[in-house]
Amino acid sequence: MKVNFNTYFKDFDGGELLINDKPQSIGRIVAQCLFNGTGINPTGNLQVDNEKKLQSYNLCKRIMGSTAEVDITLEDAVLIKEAVGGLTPGCFSQIIKLIEG
């Protein structure tokens, strides 16, 4: 599926979500969550966990390097949902809606 992460979060009243007067990019936040990996749950299997880390990093780089839509797999979508799970409900929901269409 193709997803355009080059858009900005909206705040509760529909305006652009600003932090320090700067609009917050969905792609940048998703990439940051993938890069940090704090929301990605370990399985207990070192090989599987390391593969998820590599997938997460590679997906982060694809999103950050894109100026248009990014082609993601269902596995990528699941990883993104896991990675962004610690975000606020508003930001999390906007990412899920973006992925699921």
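Buried means under 20% relative accessible area, exposed means over 50%, and partly exposed lies in between, using a 1.4 Å probe and protein chains only. Keep that scale at hand for the tour.

What you have open is a predicted model, in which local features need pLDDT of at least 70 and side-chain atom pairs count only at pLDDT 80 or more, while totals for chains, interfaces and linings use all residues. Residues are numbered from 1 along each chain as its sequence is written, and side-chain values use heavy atoms, with hydrogens and water left out.

**Stop one: the core**

Start by selecting Phe-5, Val-30, Leu-34, Ile-63, Ile-72, Ile-80 and Ile-95, the residues with the most contacts inside the largest nonpolar core, which has 23 residues. Such a core is a set of buried Ala, Val, Leu, Ile, Met, Phe, Trp, Tyr and Cys residues joined through side-chain atoms within 4.5 Å. Now colour helices H1 (26-36), H2 (46-64), H3 (74-83) and H4 (89-100): each supplies at least two residues of this core. The largest share, six residues, comes from H1. Helices here are DSSP runs (H or I, at least four residues), and strands (E) need at least two; both are numbered from the N terminus.

Next, centre on Ile-63. Which residues is Ile-63 in contact with, leaving aside neighbours within four places in sequence? They are Phe-5, Gly-27, Val-30, Ala-31, Leu-34, Val-70 and Ile-80, where contact means heavy atoms within 4.5 Å.

**Stop two: the salt bridges**

Time to show the charged side chains. The structure holds three salt bridges, each a side-chain nitrogen of Lys or Arg within 4 Å of a carboxyl oxygen of Asp or Glu.

Select Lys-52 and Glu-82 for one of them, with N to O at 3.2 Å. Lys-52 sits in helix H2 and Glu-82 in helix H3, 30 residues apart. Lys-52 is buried at 16% relative accessible area, and Glu-82 is buried at 18%.

Move on to Asp-76 and Arg-62, whose closest N and O atoms are 3.5 Å apart. Asp-76 lies in helix H3 and Arg-62 in helix H2, so this pair ties together parts 14 residues apart in sequence. Buried or exposed? Asp-76 is buried, with a relative accessible area of 6%, whereas Arg-62 is partly exposed at 35%.

Finish with Glu-100 and Lys-81, where the closest N and O atoms are 2.7 Å apart. Glu-100 is exposed, with a relative accessible area of 56%, and Lys-81 is partly exposed at 28%.
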